Amino acid sequence: MRIDIITLFPELLRSPFEASILKRAIKAKKVVIDFHTLRDYAQNKNKQVDDYPFGGGAGMVMKIEPIDLCIRHLKKERTYEEVIYLTPDGEQLNQSISNNLSTKKNIIILCGHYKGVDQRVRDHLITREISIGDFVLSGGELAAAVLCDSIIRLIPGVLGDESSALTDSYQDGLLAPPIYTRPANYKGWEVPKILTSGNTPEVEKWRESQALKKTKKSRPDLMEDPR
Ligand code: ADE
């Protein structure tokens, strides 16, 4: 898979890809990540990428020309299945969107800033708008890191234990059950006996019931979902 990220601030985005699972995935060539600095595509001498909104009002608007040039440049090299704009008013990210995106070959992610992009970018250049939650970040970069992480860890071969992405919270519509490791007794705080019993079917039953209990308590809305 290849992800091209268009951003005004690539330095905001580098470190998530330089450690742990994402670093390993890049090294193993499971994914190629490339950053494209929007300012490099600015048209005028001042490298201007934003301008005042038509009709007045507070805040600046990201201009269409540098974004269009950058996307056009990328599209000359290869075909993209999605051009994603990260914005707080997009469709809310969830596990099923991440699963779907992890099967794509090439995607572009555009990070917004200021008040956002000229609406014509959204109307003509973008195929999908995604928000990582109902809150406003200063820019799309941190959201892009979140989105990329959630996608890349699902690419086959990226996680060491193949089954571990399947047992994540949300993957089966429920939150994950509690997990424990040694010691079985720490300061009198004991691990549930069933987990050290060696009875695998009973352990599985316990996990299922705990997942249900946790979901009912923390996220009852997930249980109403008719998926
Ligand atoms: N840019 C600013 N806030 C955002 C959010 N919540 N999700 C995605 N992109 C954003």
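# Notebook: a predicted chain and its ligand

**Entry 1: R2 and D34.** I began with a side-chain pair: R2 makes a polar contact with D34, side chain to side chain, at 3.3 Å. I take a polar contact as a pair of N or O atoms within 3.5 Å; within protein, one must be able to donate a hydrogen and the other to accept it, and residues adjacent in sequence count only if both atoms are side-chain atoms. The model is predicted, so I keep to its thresholds: local features need pLDDT of at least 70 and side-chain atom pairs pLDDT 80 or more, while totals for chains, interfaces and linings use all residues. Numbering runs from 1 along each chain as its sequence is written, and side-chain values use heavy atoms, with hydrogens and water left out.

I then placed R2 in the fold. R2 sits in strand β1, residues 2–7. Is R2 buried or exposed? R2 counts as buried because its relative accessibility is 17%. My cut-offs are under 20% for buried, over 50% for exposed and partly exposed in between, with a 1.4 Å probe and protein chains only.

**Entry 2: the whole chain.** I counted seven helices and nine strands in the protein chain. These are DSSP runs numbered from the N terminus (H or I, at least four residues, for helices; E, at least two, for strands). The C-alpha trace spans about 70 × 40 × 35 Å along its principal axes. The protein chain has 227 residues, and 40% of them count as buried.

**Entry 3: ligand nitrogens and backbone.** I looked up the polar distances next. A nitrogen atom of the ligand is 2.7 Å from a polar backbone atom of F135. For L137, a backbone N or O atom lies 3.0 Å from a ligand nitrogen. For G133, a polar backbone atom is 3.2 Å from a nitrogen atom of the ligand.

How much of the ligand does the protein bury? I read 97% of the 260 Å² that the ligand exposes when taken alone. Areas come from the Shrake-Rupley method with a 1.4 Å probe.

The ligand takes up the second largest pocket.

Entry 4: I checked peptide bonds and phi angles. The bond from R182 to P183 is cis, with omega near 5°. P183 belongs to the loop between α5 (141–152) and β8 (185–186).

Y170 is in the loop between α5 and β8 too. Y170 is not a glycine, yet its phi is positive, about 80°. I class Y170 as partly exposed because its relative accessible area is 34%.

K187 also has a positive phi, about 50°, without being a glycine. I find K187 in the loop between β8 and β9 (189–190). K187 has 62% relative accessibility, so I count K187 as exposed.

- L8 is in the loop between β1 and α1 (20–27). With 6% relative accessibility, L8 counts as buried. H36 is 28 residues away in sequence from L8 and 8.2 Å away in space.
- V117 lies in the loop between β6 (106–111) and α4 (119–124). V117 is buried, at 10% relative accessibility. V117 and M60 are separated by 57 residues in sequence and 9.0 Å in space.
- T181 is in the loop between α5 and β8. I class T181 as exposed because its relative accessible area is 65%. From T181 to L195 I read 14 residues in sequence and 9.7 Å in space.

Conventions: On a 1 Å grid over the protein atoms alone, a cavity is a set of points where a 1.4 Å probe fits but cannot get out, and a pocket is an open set with protein on both sides within 12 Å along at least five of seven lines; lining residues have an atom within 4 Å of a point. A molecule sits in a cavity or pocket if more than half of its atoms lie within 2 Å of its grid points.
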